[in-house]
Amino acid sequence: MPQLLDQLDRRLLALLQENARLSADKIGAEIGLSPSAVQRRIARLRESGAISAEVAIVDPGTAGYPLSMIVDVEVERERPELLAAFKRWIMREGAVQEAWYVTGDSDFVLVVAARDIPDYDGLMHRMVSENANIRRFRTRVALGTLKRGAAVPLE
């Protein structure tokens, strides 16, 4: 059963999603709690898994990966062992930033970061050669990023 969040939890999480480095003093002042109450709530939210990670968001271009590709992947067969092998491949590939197992025309949608077209081509060659179950893939090149993030709506 998912954990129920009260309004203070939601306000606290909204602030942390904007800036995970905010001090308990600043969060407390914003939501009306003492710093120690904020710290206890944060500890509870971490322990329960409501806060699943606290990470730095790195600009892909600065890191040398200016291209974003959205890749629709269709598999030949949906046998559990073949799907599991492809899912493990996805998890190992650092260039695959996001991946979804989906319904519709494709079986998977991947968001891939690439240095350049040859780098992307090499990744797709590896994907196909290491996963014989791939029927086809279609690529869309992102021309620009309008919105990127992992923030969950907390209204």
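Me: Leaving aside its neighbours within four places in sequence, with which residues is Phe137 in contact?
Reply: In this predicted model, local features need pLDDT of at least 70 and side-chain atom pairs count only at pLDDT 80 or more, while totals for chains, interfaces and linings use all residues. Residues are numbered from 1 along each chain as its sequence is written, and side-chain values use heavy atoms, with hydrogens and water left out. Contact means heavy atoms within 4.5 Å. With neighbours within four places in sequence left aside, the contacts of Phe137 are Val71, Asp72, Val73, Tyr120, Met124, Met127 and Val128.

Me: Is Phe137 buried, partly exposed or exposed?
Reply: Phe137 belongs to strand E4; strands (E, at least two residues) and helices (H or I, at least four) are DSSP runs numbered from the N terminus. A residue is buried under 20% relative accessible area, exposed over 50% and partly exposed in between, with a 1.4 Å probe and protein chains only. Because its relative accessibility is 30%, Phe137 counts as partly exposed.

Me: What is the order of the strands in the open sheet?
Reply: Two strands pair if DSSP finds at least two bridges between them. The edge strands, each pairing on one side only, are E2 and E4 (134–141). The open sheet has 4 strands with antiparallel pairing, in the order E2-E3-E1-E4.

Me: Which residue of E3 is the bridge partner of Leu67?
Reply: Strand E1 (residues 67–75) runs antiparallel to strand E3 (residues 108–114), and 7 bridges join them. Within E3, the residue bridged to Leu67 is Ala114.

Me: How many residues of E3 are buried?
Reply: Phe108, Leu110, Val112 and Ala114 point one way from E3, whereas Val109, Val111 and Ala113 point the other way. All of these residues are buried. Strand E3 is thus mostly covered, the buried count being 7 of 7.

Me: Which residue takes a positive phi near 110° in the hairpin of E2 and E3?
Reply: E2 and E3 run antiparallel and are joined by 5 bridges, with Tyr101 having Phe108 as its bridge partner in E3. Between the strands of this hairpin there are 6 residues, and the one with a positive phi near 110° is Gly104.

Me: At about what angle does helix H4 run to E3?
Reply: Axes are lines fitted to C-alpha atoms, for helices over the stretch in contact, and angles run from 0 to 180 degrees between N-to-C directions. Helix H4 (residues 80–92) lies across E1, E2, E3 and E4, and its angle to E3 is about 25°.

Me: Which helix gives the largest share of the lining of the largest pocket?
Reply: On a 1 Å grid over the protein atoms alone, a pocket is an open set of points where a 1.4 Å probe fits, with protein on both sides within 12 Å along at least five of seven lines; lining residues have an atom within 4 Å of a point. The largest pocket is lined by 27 residues, with Ala53, Val55, Ile57, Ala150 and Ala151 nearest its centre. Two or more lining residues come from each of helix H1 (7–18) and strand E2 (96–101). The largest share, 4 residues, comes from H1.

Me: Is Gly32 buried or exposed?
Reply: Gly32 sits in the loop between helix H2 (24–31) and helix H3 (35–48). Its C-alpha is 8.7 Å from that of Leu8, although the two are 24 residues apart in sequence. Because its relative accessibility is 63%, Gly32 counts as exposed.
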